[in-house]
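I am opening my notebook for a friendly look around a new structure. Let me bring it up on the screen and start reading.

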Amino acid sequence: MKIHRIDHVGIIVNDLPAAKAFFLDLGLKVLGEAEVKGEWVERIIGLNDVRETVVMLGMPDGQATLELVKFHTPSDEKGIQQSFANTLGIQHIAFAVEDIESIVAKLKKKGTELFGEIQNYENIYKLCYVLGPEGVILELAEKIK
């Protein structure tokens with residue numbers, strides 16, 4: 001048995017166009033978009049009456065993908081639950097970036113919130129956390145040369 005790599009990260013959203021636009025602004029590309037329904041997907045994810053729209057987004061280097069999913073049915077009755085950096089479970093996705101300051105400035109102009117501020121970690125990385133669409137936490141990491 002051998003694990004090769006992380007293939008993709010799935011993010012469930014309510015406002016698919018806004019989430020898609022956010023990640024396209026960061027430089028990801030649309031690899032595909034489709035409506036998904038039927039017994040095969042219901043059997044995979046363990047839900048009934050599944051109808052969803054899926055958008056696959058690729059990283060510029062082609063190493064991984066993000067899967068944005070909008071469930072039309074069934075819907076999550078609880079809605080978005082606010083997470084914090086210390087909430088148990090999977091809490092953030094980290095992107096390796098260039099020119100973190102300009103990316104953060106661009107995101108701020110569009111209303112994206114930072115959790116704190118850009119910090120230098122031992123002259124190895126500049127790091128920060130931002131709040132993405134629908135509560136998704138992103139870590140931006142720029143390697144210092």
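In which strand does Glu33 lie? I found Glu33 in strand β2, which covers residues 29-37.

Before going on, I noted that this is a predicted model, where local features need pLDDT of at least 70, side-chain atom pairs count only at pLDDT 80 or more, and totals for chains, interfaces and linings use all residues. Residues are numbered from 1 along each chain as its sequence is written, and side-chain values use heavy atoms, with hydrogens and water left out.

**Entry: the whole chain**

I looked up the secondary structure and read three helices and nine strands. Helices (H or I, at least four residues) and strands (E, at least two) are DSSP runs, numbered from the N terminus. Starting at the N terminus, I wrote down the order β-α-β-α-β-β-β-α-β-β-β-β. The C-alpha trace spans about 50 × 35 × 30 Å along its principal axes. The chain has 145 residues, and 32% of them count as buried. My reminder on the words: buried means under 20% relative accessible area, exposed over 50%, and partly exposed in between (1.4 Å probe, protein chains only).

**Entry: Glu33**

Why does Glu33 count as partly exposed? Glu33 counts as partly exposed because its relative accessibility is 46%. I listed what Glu33 touches, leaving out residues up to four places away in sequence: Lys20, Thr53, Val54 and Val55. Contact here means heavy atoms within 4.5 Å. The side chains of Glu33 and Lys20 are also joined by a polar contact of 2.9 Å. That term stands for a pair of N or O atoms within 3.5 Å; within protein, one must be able to donate a hydrogen and the other to accept it, and residues adjacent in sequence count only if both atoms are side-chain atoms. I also checked Lys108, which is 75 residues from Glu33 in sequence and 28 Å away in space, C-alpha to C-alpha.

**Entry: Glu139**

Next I went to Glu139, in strand β9 (residues 137-143). Glu139 is buried yet has no salt bridge, a term for a side-chain nitrogen of Lys or Arg within 4 Å of a carboxyl oxygen of Asp or Glu. How far away is the nearest side chain of opposite charge? I found Lys143, 13 Å away. For charges, Lys and Arg count as positive and Asp and Glu as negative, while His and the chain ends are not counted. Among the residues that Glu139 touches, not counting those up to four places away in sequence, are His92, Phe95 and Tyr129.

**Entry: Ile45**

My last stop was Ile45 in helix α2, residues 39-45. Ile45 is partly exposed, as its relative accessible area is 38%.
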